[in-house]
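Biologist: I have just opened a model that is new to me, and I would like to learn how to read it. Could you take me through it feature by feature?

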Amino acid sequence: MSYDSLAAETVKFRGHNGDEGEAYYARPTRAGKFPGMVVIHHLPGWDEWITEVVRKLAHHGFAAISPHLYFRNGPGSPDDVGARVRAAGGVADDQVVGDAKGAIAYLRAQPNASGKVGVIGFCSGGRHAYLVGCRLNTEVDAVVDCWGGNVVVDDKSALNDKRPVAPIDLTGELRAPLIGIFGNDDENPNRDQVNRTEAILKKLGKSYEFHRYDNAGHAFFNTARVAYRPEQAADGWRKVFAFLRQNLGA
């Protein structure tokens, strides 16, 4: 049930601490009310593929926004800005949650909003999507975790002021249904970490579904990467859209 015509633009939004940043926003152009999706980008940054994901969601009937999580780190190419962020130890969880909250508010303020909002993230963004689902549990209606690394933290010394808690330890706060997409050849998260995440979700009685793909590693949806696996990605997207239609409508 896709719709071909859409509009896409860079917009301003208010993020963590009221900071004004950029976000990429796309929506169907036909009349009607649409569920919203917040797209949390991966550590390489707010790049071309992420904007393609935003438009893909709009094509399928969602108003989608991707906040630029690194706008505070200065101008430059996604690779350069991402390198600066990586060198600084990443961005703080509180900041990401605040920016996601601002993006959700932007979506719900639009005249085309149905009121339902989901969040999707890839790589570090998958971890952030899981985190946002737990921390903003009254504001998020569906969570899509695409190969989110470090949801499970084996070495607790890796926790710090920016990332004080492993997202898996917040699972009890999750209210929204969650779908997880993983490659069986991935090392972060690896199969054991995915198994342990699933075990906690099951133990706590959460609504979830996990899909795992053979002959696929990290970032296998990403058409800009050599890791791209078209057959597995096509099936994964079908499952994601079925999940979103069921839980958000479209």
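Biologist: What should I know about the model and its labels?

Modeller: This is a predicted model, in which local features need pLDDT of at least 70 and side-chain atom pairs count only at pLDDT 80 or more, while totals for chains, interfaces and linings use all residues. Residues are numbered from 1 along each chain as its sequence is written, and side-chain values use heavy atoms, with hydrogens and water left out. As for the labels, helices (H or I, at least four residues) and strands (E, at least two) are DSSP runs, numbered from the N terminus.

Biologist: In what order do the strands of the sheet come?

Modeller: The open sheet has 8 strands in the order S1-S2-S4-S3-S5-S6-S7-S8, with mixed pairing. Two strands count as paired if DSSP finds at least two bridges between them. On average, neighbouring strands are turned by 20° against each other, direction ignored.

Biologist: Which pairs run parallel, and which antiparallel?

Modeller: S2 (residues 20-28) and S4 (residues 63-67) are antiparallel over 4 bridges, and Ala26 stands opposite Ala64 in S4. Ala64 is also the bridge partner of Met37, where 3 bridges join the parallel strands S3 and S4. S3 and S5 run parallel too, joined by 6 bridges, with Val38 opposite Val119 in S5. Val119 in turn stands opposite Val143 in S6; S5 and S6 pair in the parallel sense over 5 bridges.

Biologist: How do I read the two sides of a strand?

Modeller: In a regular strand, side chains alternate between the two faces of the sheet. In S6, Ala142, Val144 and Cys146 point one way and Val143 and Asp145 the other, and all are buried. With 5 of its 5 residues buried, S6 is therefore largely enclosed by the rest of the structure. S3 is also largely enclosed, because 7 of its 7 residues are buried.

Biologist: And how do I read a helix in the same way?

Modeller: Look at which residues are hidden. In H2 (residues 78-87), Val81, Gly82 and Val85 are buried. Seen down the axis, the buried residues fall within an arc of 100°, so they line one face of the helix; the arc is that of the directions from the helix axis to the C-beta atoms. The face turned away carries the exposed residues Asp79 and Ala87. Just after H2, Gly89 takes a positive phi of about 85°.

Biologist: What describes two helices packed together?

Modeller: Two packed helices are described by the angle between their axes and the distance between the axes. H3 (residues 93-109) and H4 (residues 124-135) pack at about 70°, with axes 10 Å apart. Axes are lines fitted to C-alpha atoms, for helices over the stretch in contact, and angles run from 0 to 180 degrees between N-to-C directions. H3 and H4 are therefore roughly perpendicular; under 35 degrees counts as roughly parallel, over 145 as roughly antiparallel, 65 to 115 as roughly perpendicular and the rest as oblique. The contact (heavy atoms within 4.5 Å) includes Val96 and Ala100 of H3 and Leu131 and Arg135 of H4.

Biologist: Last, how do I read aromatic rings?

Modeller: A pair of rings is described by the distance of the centres and the angle of the planes. The structure holds 14 aromatic pairs. The rings of Trp49 and Phe122 have centres 4.9 Å apart and planes at 75°, so this pair is edge-to-face. Rings of Phe, Tyr and Trp (its six-membered ring) pair if their centres lie within 6.5 Å; planes under 30 degrees apart count as stacked, over 60 as edge-to-face and the rest as tilted. Both Trp49 and Phe122 are buried.

Notes:
Buried means under 20% relative accessible area, exposed over 50%, partly exposed in between (1.4 Å probe, protein chains only).
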